[in-house]
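User: Please examine the model shown below and discuss how its side chains pack.

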Amino acid sequence: MHKFGLTLLIVVMTLFLCFPSLNAEPQQKSDGAIETDEYAHTISFDNGNYVLYWTVADEHISMAIQGKTTGWVGIGLKPTQMMKDADIILAGMRGEEVYWTDSYSTGVFGPHPDDTELGGTDDILNLSVSEQDGVTTLEFSRDLVTGDVYDAELSTGENVSIIWAMASDDDPKFKHNTSKGKGSLPL
């Protein structure tokens, strides 16, 4: 019986090592570098100065943003009027320190306090930020439905309205002073 148990253990471990999807939910690699074909969808704004990538898998969305800035990059999901009610994620690097916010815009032009300041939760997963050659890259994932009233509920097949922005400064409260715009993402 001892030999059988050891053999079974080796077989099970081999399966999990050879087929990692058996022991984990599918998640996009988040390393601050975007590889060719890493994401299913891409859309470019401002003549390629802001590029958004995304993949929806199961109950998760993985996103990446590349912005030609050494400040922060951000996206707002499902605004109702200008910035109002947008679920905003922005991030950047201050020296070697990564910073980010999971926030909610309470007004047409802000402010957008952190969800946690409003009684919500920070639901950003697998966050990674890098800055190289004047480009800030943000990668993260989140559940399509987080349960946080300050996060936009997303569903496969919908067309999600977005706002996007960048800043040349590394203060997340600093107003976007470079490119900004709006668009939509088909999930």
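**Core and aromatic packing**

User: With which residues is Ile-162 in contact, leaving aside its neighbours within four places in sequence?

Analyst: The model is predicted, so local features need pLDDT of at least 70 and side-chain atom pairs pLDDT 80 or more, whereas totals for chains, interfaces and linings use all residues. Residues are numbered from 1 along each chain as its sequence is written, and side-chain values use heavy atoms, without hydrogens and water. Contact means heavy atoms within 4.5 Å. With those neighbours set aside, the partners of Ile-162 are Phe-45, Leu-52, Ile-75, Gly-76, Leu-77, Pro-79, Gly-181, Lys-182, Gly-183, Ser-184 and Leu-185.

User: Which residues touch the most other members of the largest nonpolar core?

Analyst: A nonpolar core is a set of buried (under 20% relative accessible area, 1.4 Å probe, protein chains only) Ala, Val, Leu, Ile, Met, Phe, Trp, Tyr and Cys residues joined through side-chain atoms within 4.5 Å. The largest one has 26 residues, and those touching the most other members are Leu-52, Ile-75 and Ile-162.

User: Why is the pair of Tyr-104 and Tyr-150 classed as it is?

Analyst: Rings of Phe, Tyr and Trp (its six-membered ring) pair if their centres lie within 6.5 Å; planes under 30 degrees apart count as stacked, over 60 as edge-to-face and the rest as tilted. The ring centres of Tyr-104 and Tyr-150 are 5.2 Å apart with planes at 65°, so this pair is edge-to-face.

User: Which residues form one aromatic cluster?

Analyst: The structure holds five aromatic pairs. One cluster is formed by Phe-45, Tyr-50 and Trp-164.

Notes:
Buried means under 20% relative accessible area, exposed over 50%, partly exposed in between (1.4 Å probe, protein chains only).
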